[in-house]
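The following exercises concern a predicted model.

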Amino acid sequence: MAEDNSKLGVEFLLAEFNAIQQRAIQIEQSKSSSINFYLVIVAATIAGIPGVLSLVTAEAVRLVLIAMFSFIFAVGLLTLDHSVNQAVNIIRLYRRAGKIRRFFLTQASDIKVYLPFEASDSLPRINLPSSLAYRGAEVTVFAINIASVTIISAVIFSFASWLWAIIAALAAAGMTWQLQRLYFRKKLQRFEKAKRSIIFSETA
């Protein structure tokens, strides 16, 4: 009876492990789809700018540019936030899979040298000290947000002079870089602190 229960438990954990891996793949695909959709929106908005500008007066050109790039920036922030949330969900799933991996390691310690990943529920780690705490397409959205704010600032200050426009654009670019980086760094730090409080013990 005990052997049957043990076998049932192993089968259940294998099913859970496969379900976790499949769910992580689905979230990754959803994350990629949302970013691709965002890039389509950006491309369509930029492509439509010449047509819109041809329909407005010269006095309204600046307002149209500000409005359009503000829209791109707003959508970019929402997309980036969603993407980082999805990345956190993927890490959470992989850490849960690591817990199951560690169970099998305790049952057969001789397989340790053959495991492709460390059997731990605290991995993969988020490299918080790095300049960017996210990877892949998130960096593209990050850069487009910076470019959008830079253009908006340049257009606004072009009323004064192009020198002020350049200075304002550079200042806005640096500020946007730092503020985005700080926001998501804090967000990921909160996630890491929350995870430390529920890390499974080795004897669990």
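**Exercise 1.** Classify Leu163 as buried or exposed, and identify the helix in which Leu163 lies.

*Solution.* 
Step 1. The relative accessible area of Leu163 is 58%.
Step 2. The class "exposed" requires a value over 50%, so Leu163 is exposed.
Step 3. Leu163 belongs to helix α4.

**Exercise 2.** Determine which residues make the nonpolar surface patch, and state which helix supplies the largest share of the patch.

*Solution.* 
Step 1. The patch is made by Ile156, Phe157, Leu163, Trp164 and Ile167.
Step 2. The area of this patch is about 520 Å².
Step 3. At least two residues of the patch come from each of α3 (138-157) and α4 (162-196).
Step 4. Helix α4 provides the largest share, 3 residues.

**Exercise 3.** Find the partner of Lys31 in a salt bridge, and describe where the two residues lie in helix α1.

*Solution.* 
Step 1. Side chains of opposite charge can pair when their charged atoms come close.
Step 2. The side chain of Lys31 meets that of Glu28, with an N to O distance of 3.5 Å. The cut-off is 4 Å, so the pair qualifies as a salt bridge.
Step 3. The count of salt bridges comes to 1.
Step 4. Both residues are found in helix α1 (residues 2-53), 3 residues apart, which is about one turn of the helix.

**Exercise 4.** Assign Lys31 and Glu28 to their accessibility classes.

*Solution.* 
Step 1. Lys31 has a relative accessible area of 8%; the limit for "buried" is under 20%, so Lys31 is buried.
Step 2. Glu28, at 34%, is partly exposed, because this class covers the values between 20% and 50%.

Methods
Residues are numbered from 1 along each chain as its sequence is written. This is a predicted model: local features need pLDDT of at least 70, side-chain atom pairs count only at pLDDT 80 or more; totals for chains, interfaces and linings use all residues. Side-chain values use heavy atoms; hydrogens and water are left out. Helices (H or I, at least four residues) and strands (E, at least two) are DSSP runs, numbered from the N terminus. Buried means under 20% relative accessible area, exposed over 50%, partly exposed in between (1.4 Å probe, protein chains only). Patches are made of residues with over 30% relative accessible area and no salt bridge: like charges are joined within 9 Å, nonpolar side chains (Val, Leu, Ile, Met, Phe, Trp, Tyr) within 5 Å. Accessible areas come from the Shrake-Rupley method with a 1.4 Å probe; for residues, only the protein chains shown count as cover.
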